[in-house]
Every structure is written in C-alpha cells, then in structure tokens.
Amino acid sequence: MQIAAIIVAAGRGTRARGPLPKQWQMIAGRSVAAWTLRAFQSANEISTIVLVVHPDDLDRVKALPEARGVTLVTGGADRAASVRAGIEALASDAPDRVLIHDVARPCISPRLIADVCAALETSPGAAPALAVSDALWTGADGAVTGARSRDGLYRAQTPQGFHYDAIRAAHAEHAGGAADDVEVALAAGLQVAIVPGSEDNLKITTPGDFARAEKLLAGQMDIRLGNGFDVHRFKDGDHVTLCGVDIPHDRALQGHSDADVGMHAVTDAIYGALAEGDIGRHFPPSDPQWKGADSAIFLRHAARLARDKGYAISNVDCTLICERPKVGPHAGKMQTVMADLLEIDPSRVSIKATTSERLGFTGREEGIAALATATLVSP
C-alpha cells in the first residue's frame, strides 16, 4: 500500500501578518513548513511527500534541509488549483492513497496521520474533525441576531485522506470554490469518514496562533546528544583520509576499514545518541566484507537509522587531534563531504582541529584521535 502526502504551502497567509508568509515564519527554531514536513517524514505510513509552493518561494524551500527528498511543485491561483497540481505530480507513479494537508498545521501528530490512513481501509475518504461544543449565533452590525443548533456540526481539520484515483477524478470534475477537499469529495458522491481530530492540530491563521503552536512544538521536542571517540595509529603510506577527504601525508592510518578516524567518531556519536552501540555492533570487524571499507558506508547507515527512528540530525561537531597533517586548509571540503553524507546543510557540520601540545601519542605523532558530538531532534 503506497500512501503519499500532499502538503499545500502556496498561499500567502496575509491574516497571520509578519515579514514572510506564515509557512516561512519561525516557531521553536524552525519554520512552520519545516515542522510540518518533519511530522510527515516521521510517519511510517507515508512513502512520498509532495510540497506545493508559491513560485516566489522555490529558492527558499530548496535551501530547507527538511525538503531533501521531497517533490516540489508550484501552486496555482487558489487552493484547489494547488491541490490539483500536487495530485497530478503523483500521476506517473500513482499511489494507492493520498493525504492532503495544510502546511499551516505544523502540530499534526504521527498518530493522527496513522488514524486517517487506517480509516481509508474501509472508506474512500477520511478526515479529522472536532465536534462543535460552543453555542452558535448569527450576528450583524455587532449584535446577535439569532441562534443555531450545533447538533451534527464539526470543525474540519487536515490531513484529509482519499483513495488517489477517486479524489483525482473528483477534483477534475469540480467547478471550483470548495472550502476543502472533503467538499470536493462530497460533490463527487464519495463517502468521507470522520476521524476524531485533536485540539493540538491547530491551524496558524492569526498572529496569536504562533505563540500557541510554539508551546506545543517546543514541548514535544525530543533532543538527544551522543559522543564518539576514535583513535588510529600511523603506518607506512602517502596519505590519510579524514572526514572523507584524502590529505597527502608521509604516513597513512591503520585500521580494519579505511581508518577515517573523524568519520568514525561522528558515526559513533550518532549511534550513541540513538543508544545503538557503536560501529562494531553494526559492522563487526570480524566480518571480512568490511575489510578496507569506505567509512561513508558506516556514516550513511547511522544517518539513515536516525531518520528511520524519527530523528533529524540537528548538528555534528568533530575535533581532530593531531600534530600533522594540518587540517585547516581541508576543513571546508570535509564539511561539505560530511554534510552531503548526512543529508544536512553544511552550516550544521563543524570540523576543527587541535594539537595535544606534543604530549601523549598524538603529540609524538604515533596516530590521530577524534572526538565528536551529535545532536538529534524529533518533534
């Protein structure tokens, strides 16, 4: 069962005010769009994510670490046109189901996503909603003009889920002007099941909504720290490999793999943050297939494991300890290589070096040591 998510983020959100459209304003250290993407990336049910954005925002979203691996589509003149653009972007490899979500609901939980997906097993459509509990009035000119029954009334939320072929056909036939995708589905005669919504799944609409969302998101963050330490002795050779970069030197580093001491330390820091042991647990040195292996294999595995467990790598910091070779001239390239392997922005990778003031085995130039720290976060 393939389930895709379409996140609609092409609006301008003028009621929220601020210097940027609301999806690009910051909450608890991340943009609204980043939080929403992270929520769907941590949902096990979702295999593909399409982000529908305004053409003016393409450069901004391409620089977003959370947008890596996400399909970008430019939106249309209104919400319905943007949703149709997202739906059509999936047509060449159509999923079985699709969830359509407003980017302005960044507090959506993986549990609610799962509930909507589960409801689609028995219904062609499903959407979260909250029963209206307040009294309802009509009014004009600042005065109450009447009352209405709240029986059978619900406050609609997203994500709204559908069988892909059914909602694609429904949008193709709809004349436009629908408030949401449930209205489009109902016009096509599709049954839509109601899934219990959540008060926390708020939609950011006005300036005051940012403060409430920040409290929810900051309180949900799971932050983990891990450290790694590694040492490799020198042997005969003509270069060392540090953080993925070959540096000419009058000796090489000795190890079962390629002996990249910096990459090993960062890898162990990520495993440590996940309480997943060290490189030896996942790639035993007793296994001959890892003899001389590229350490990038280990680092990619650690980063993928973090993502699979619902964590994003916030930053890594690696210190290389040696008298020689000089690391400074190569630090920028190391930063780029490591960021690419970790699939994070280079600004989140720190590579630096120090000496041990000629003390100890590193001071005697018998080998190189590395110390690393990794921070993982999960909403």
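1. Helices and strands in this note are DSSP runs, with helices being H or I of at least four residues and strands E of at least two, numbered from the N terminus. Please keep in mind that this is a predicted model, where local features need pLDDT of at least 70 and side-chain atom pairs count only at pLDDT 80 or more, while totals for chains, interfaces and linings use all residues. Residues are numbered from 1 along each chain as its sequence is written, and side-chain values use heavy atoms, with hydrogens and water left out.

2. Among the buried residues are Trp 35, Arg 38 and Phe 40.

3. Now to the surface. Phe 229, Val 231 and Leu 371 make up a nonpolar patch there, with about 260 Å² of accessible area together. Patches consist of residues with over 30% relative accessible area and no salt bridge, like charges being joined within 9 Å and nonpolar side chains (Val, Leu, Ile, Met, Phe, Trp, Tyr) within 5 Å. Accessible areas come from the Shrake-Rupley method with a 1.4 Å probe, and for residues only the protein chains shown count as cover. Val 231 belongs to strand β13, residues 222-236, and counts as partly exposed at 35% relative accessibility.

4. Next, the charged pairs. A salt bridge here is a side-chain nitrogen of Lys or Arg within 4 Å of a carboxyl oxygen of Asp or Glu, and by this rule the count comes to 21. One of them links Arg 155 with Glu 199, whose closest N and O atoms are 3.2 Å apart. Arg 155 lies in strand β10 (154-156) and Glu 199 in the loop between β12 (192-196) and α7 (207-220), so the pair ties together parts 44 residues apart in sequence. Arg 155 is partly exposed at 38%, and Glu 199 is partly exposed at 44%.

Technical notes. Buried < 20%, exposed > 50% of the residue type's maximum accessible area, 1.4 Å probe, protein only.
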